[in-house]
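Dear colleague,

Please find below the structure that I am handing over to you. My notes on it follow directly after.

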Amino acid sequence: MALERQVRAKIAGKRDLEKDKEAQYWMEEVLGEKFPAGVLYEDALRDGLILCKVINKLSPGAVPKVNTSGSQFKMMENINMFQQAIKKYGVPDLDVFQTVDLYEKKDIAQVTSSIFALGRACYKHPEFQGPFLGPKPADECKRNFSEETLNAGQSIIGLQAGQNKGASQAGQNIGAGRKIILGK
């Protein structure tokens, strides 16, 4: 029982309420509507309705059938459909939370991380004008060097090759030297 408690404490320690608020604010801005009043962030997301609305706003028709009522299975199906849709939208597979992380509230920090990943994926879609969430991902900066430049670089020995133009640490003495006493 103690191990389970430690694991729960570690997962709870990863959670940043400021990031939760930032993700909630972003989703409210995308949707143009507020979360239900008096409902916790994780409870509002739990049935997957808001998540499906967000991805359908970013990519119309991404989740064609959203279950608005029904059993637990229907609500978990909403979450699964959202996960599939954000992968198609460009969120890397490793950034997508597991269904139980949200539905059973096992790792809400991972859910928030996935929403941030979705916010970053929006930068790659020029049809989306904002708002954006998180920093803009770096674009590839492909370099094309001429053959002459490449050949010139082959004659230079880099510092990684062990040559440092005669510099060494000889003569450096930081602190007291190591004393080895023999014969005791």
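Is D20 buried or exposed? In this predicted model, D20 is buried, because its relative accessible area of 4% falls under the 20% cut-off. The residue belongs to helix α2, which spans residues 17-31. Its side chain forms a polar contact with the side chain of T112, at 2.6 Å. Apart from neighbours within four places in sequence, D20 contacts R15, Y41, I108 and T112.

I next turned to helix α4, residues 49-58. Seven of the ten residues in α4 are buried, and the helix is thus mostly covered. Those buried residues are L49, I50, L51, C52, V54, I55 and L58. They pack against α2, α3 (41-45), α5 (72-89), α6 (99-103) and α7 (108-121).

Residues up to four places away in sequence aside, M27 touches F35, Y41, L45, I50, L51, V54 and I115. Among these partners, I50, L51 and V54 are also listed with the buried residues of α4. Y41 is likewise a contact of D20.

With kind regards

Definitions and conventions: Residues numbered from 1 in each chain as written. Predicted model: local features only at pLDDT ≥ 70, side-chain atom pairs only at ≥ 80, totals over all residues. Heavy atoms only, no water. Helix = DSSP H or I, 4+ residues; strand = E, 2+ residues; numbered from the N terminus. Buried < 20%, exposed > 50% of the residue type's maximum accessible area, 1.4 Å probe, protein only. Polar contact = N/O pair within 3.5 Å; in protein donor to acceptor, adjacent residues only side chain to side chain. Contact = heavy atoms within 4.5 Å.
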